[in-house]
Structure formats: C-alpha cells, structure tokens
Amino acid sequence: MSDLQGKILKILQNPGFHSGESLGRQLNVSRTAIWKQLQALETLGLELESVKGVGYRLPDSFELLSKAKILHHIAESHGDPPCELEIFQSIDSTNRYARERAEAEAISGAVVLAENQTAGRGRRGKTWVSPFAANLYMSIVWDFDQGAESLQGLSLAVGVGVRRTLVELGLQDVQLKWPNDIYIGGKKLGGILLEMIGDPNGRCTVIIGIGLNVAMPSLAAQEIDQAWTDLQAQSPSPISRNTLTAKLVVTLFVLLKDFQRVGFKAYRDEWEEADLLKNLPGTVRTVKEGISGIVLGVDDSGALRLALPDGEVQRFIGGELSLGPSL
Ligand code: BTN
C-alpha cells in the first residue's frame with residue numbers, strides 16, 4: 001500500500017463522510033489523485049460506502065490490524081507472545097512468506113498477518129479470496145522434532161483450536177468438515193492450510209495458515225465458488241479482528257506446544273462432536289477416484305472413516321470430502 005493510501009485511510013477512520021475535495025485539501029493533492037488512490041484501495045478489496053455529492057465512508061466494522069492491540073490482548077490473557085509478529089498491508093500469501101522466512105532461519109512461534117493477500121493459497125491449488133482489512137489471514141510457524149508421523153491429525157487439531165476460539169467469542173454451532181474446514185450453518189467460514197518443510201523423519205517446520213471470513217465485502221464474495229459465511233453474519237456481537245487474532249494465537253500456541261505429546265487422540269472427541277458430515281452420505285475424491293459411503297467420523301490419527309455399501313470401513317488420510325453420493 002502506498003504512503004498516500006495509508007494517509008487517506010487514516011483520515012477515513014475519523015467518523016462520517018469525507019469528500020474527495022476535503023481529502024485532497026488535507027493531503028495537499030488533487031481530487032483526481034485521491035480518486036485514483038480510492039480506486040486502488042477498492043481493487044485491494046476495500047468496500048467503501050460512497051454517496052454522490054457527500055463523500056466516502058468506511059464500513060462501520062472497519063478496524064486495521066494493530067500489533068500493539070494484538071500483543072496487549074495476548075498479555076491480558078496471559079498467553080505466550082509470538083517470537084515475531086509481522087503485519088503486511090498487502091502481500092501475495094502469508095504462507096508463502098512465512099515458509100520462505102522459515103527456510104532461511106529458525107523462527108518457531110512467529111506469526112505473519114496481512115490485511116490483503118493478492119495470491120492467497122487455498123487447499124488443492126485454489127485461490128483464497130483475501131480482500132483488504134475485511135477478514136483474517138494468518139500464518140504461524142512452528143517447529144517439531146519428532147518427524148512427520150508424529151504430526152498426523154495436526155491440521156484437524158488446529159481446526160479444534162480455531163473452533164474453541166470461536167466458541168469463546170460467542171459463536172454457536174461451529175462445525176468442522178474433514179479434514180480442516182470451519183463451517184457455520186452449513187456454509188464455509190474458514191479454512192486451514194498446513195505446509196511442511198525440513199526433515200520428514202526428524203526436525204521439521206510447519207506453516208499453519210488460517211483464513212477466516214470476518215466481514216466479507218459483497219464484491220469480493222463474487223469470486224467465491226462455494227456457499228460461504230462470515231463472522232459478521234453469525235456473531236451476536238461485532239468481532240474485532242485484533243481480538244480474534246490474539247485469542248487464536250493464545251489458544252493455538254497452547255495446542256501446538258501440547259500436540260506432539262498428546263497427539264490427535266486428545267482432540268478426537270471434540271472434533272467428532274463438531275463433525276459436519278457425521279452419519280451422512282459422503283464422497284471422498286482422491287486423485288484417482290471418487291468413493292462414496294456413509295461418513296463415520298475420524299480415527300485417533302485423524303483419518304476419515306467411511307462405511308462403504310458392502311459394509312467395509314475404509315480409511316482416508318487425504319482427499320476432498322463432499323456431501324452426498326458421487327454422481
Ligand atoms: C482452504 O482452502 O480451506 C484453506 C485456506 C487457507 C487460507 C489461509 S489465509 C492465510 C494463509 N495464507 C495463505 O496463502 N493461505 C492461508
């Protein structure tokens with residue numbers, strides 16, 4: 001984000017409408033220059049309210065991420081602070097950045113946040129729609145020392161951690177869809193993307209990427225190709241992204257510290273309680289095929305258990321699960 005865009009945003013955070021003329025006057029630039037920068041901010045996904053002849057206003061819920069506020073909330077909750085907390089105004093992907101940093105140096109416990117991602121990564125090569133200052137885009141770097149096998153089910157456990165945080169914030173009926181999607185009311189609220197680097201048999205680093213829709217602007221939402229929801233629509237009271245971030249960090253740091261010792265087994269019951277598709281017909285699509293059956297739940301390693309029509313129970317450690325039999 002340019003310096004001028006930052007200054008415009010700062011003024012817009014004062015209540016009320018701001019005309020192009022008054023913004024130009026305060027910043028000593030032309031109205032056209034202001035208009036161009038507002039357009040650029042809109043391209044990042046910022047949804048401004050504009051009234052002809054009156055001016056522009058930020059959405060009511062607007063709040064920029066603040067390192068000071070996040071660290072303050074973490075301290076208030078007696079949580080461990082991140083070893084580093086970086087906030088980008090705009091970046092391609094917090095996971096890509098965190099991964100490159102972690103490849104270069106040991107930064108276990110670092111947290112990377114962004115207001116906007118221009119190439120947010122979703123699972124299975126999909127794009128994660130990441131408009132400016134609307135949602136939460138976070139990557140946590142964490143080192144483990146017992147190899148990839150000890151990390152089975154980690155992404156599901158992270159889903160449990162995210163759910164715990166949302167429940168603490170007053171959200172109801174938060175559900176999990178295997179392997180690690182967050183749902184409310186049958187619509188996707190968020191997702192988790194884990195990437196691993198290092199030695200699969202020894203010390204490795206996991207990049208835990210979390211995307212949660214907080215107040216998805218309608219224009220950006222047009223790019224989403226599935227049923228979605230956001231916290232603004234589901235929460236009884238407004239949710240600050242700074243508070244949400246801090247609570248997630250506190251909860252997930254505790255979970256990540258415990259995970260290798262206790263394994264997914266310790267989170268299994270909680271995961272199954274929230275299972276969106278339990279006892280429903282489902283289809284798992286792997287690279288090779290689609291297999292349909294009844295979703296039974298997960299096992300102690302986080303593998304999906306599917307009852308096939310012949311009565312056999314098949315385990316899946318990867319694949320995409322959807323509701324209903326295959327067509
Ligand atoms: C999914 O497809 O459900 C997973 C989405 C994960 C998105 C998050 S946003 C923060 C982090 N950075 C990325 O590029 N992706 C993850």
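A cavity is a set of grid points where a 1.4 Å probe fits but cannot get out, and a molecule sits in one if more than half of its atoms lie within 2 Å of those points. The legends below describe a predicted model.

**Figure 1. The ligand sits in the largest cavity.** The elements that each give two or more residues to the shell around the ligand are helix 5 (94–104), strand 5 (136–144), strand 8 (187–198) and strand 9 (204–212). Strand 8 provides the largest share of this shell, with four residues.

**Figure 2. The shell around the ligand is made up of 20 residues.** Ser93, Thr94, Arg121, Arg123 and Lys188 are the closest of them. By residue class, the shell holds 10 polar, six nonpolar and four charged residues.

Figure 3. On its own the ligand has 410 Å² of accessible area, and the protein covers 98% of it.

**Figure 4. A cis peptide bond joins Trp178 to Pro179.** The omega angle of this bond is near 0°. Pro179 belongs to the loop between strand 6 (174–177) and strand 7 (181–184). Most peptide bonds, by contrast, are trans.

**Figure 5. Arg124 has a positive phi in the loop between strand 4 (110–114) and strand 5.** The phi of Arg124 is near 50°, and the residue is not a glycine. In general, most residues other than glycine have a negative phi.

**Figure 6. Asn279 also has a positive phi without being a glycine.** The value for Asn279 is about 65°. This residue is located in the loop that runs between helix 10 (265–273) and strand 10 (281–285).

**Figure 7. The chain as a whole contains 10 helices and 14 strands.** Along the principal axes, the C-alpha atoms fill a box of roughly 70 × 45 × 35 Å. The radius of gyration of the chain is 21 Å, which agrees with the value near 20 Å that a compact globule would have with 327 residues.

Definitions and conventions
Residues numbered from 1 in each chain as written. Predicted model: local features only at pLDDT ≥ 70, side-chain atom pairs only at ≥ 80, totals over all residues. Heavy atoms only, no water. Near = heavy atom within 4 Å. Areas by Shrake-Rupley, 256 points an atom, 1.4 Å probe, with all protein chains shown as cover. 1 Å grid on protein atoms, 1.4 Å probe; cavity = no way out; pocket = protein on both sides within 12 Å on 5 of 7 lines; lining within 4 Å. Nonpolar A, V, L, I, M, F, W, Y, C, P; charged D, E, K, R; others polar. Rg over C-alpha atoms; globule rule 2.2 N^0.38 Å.
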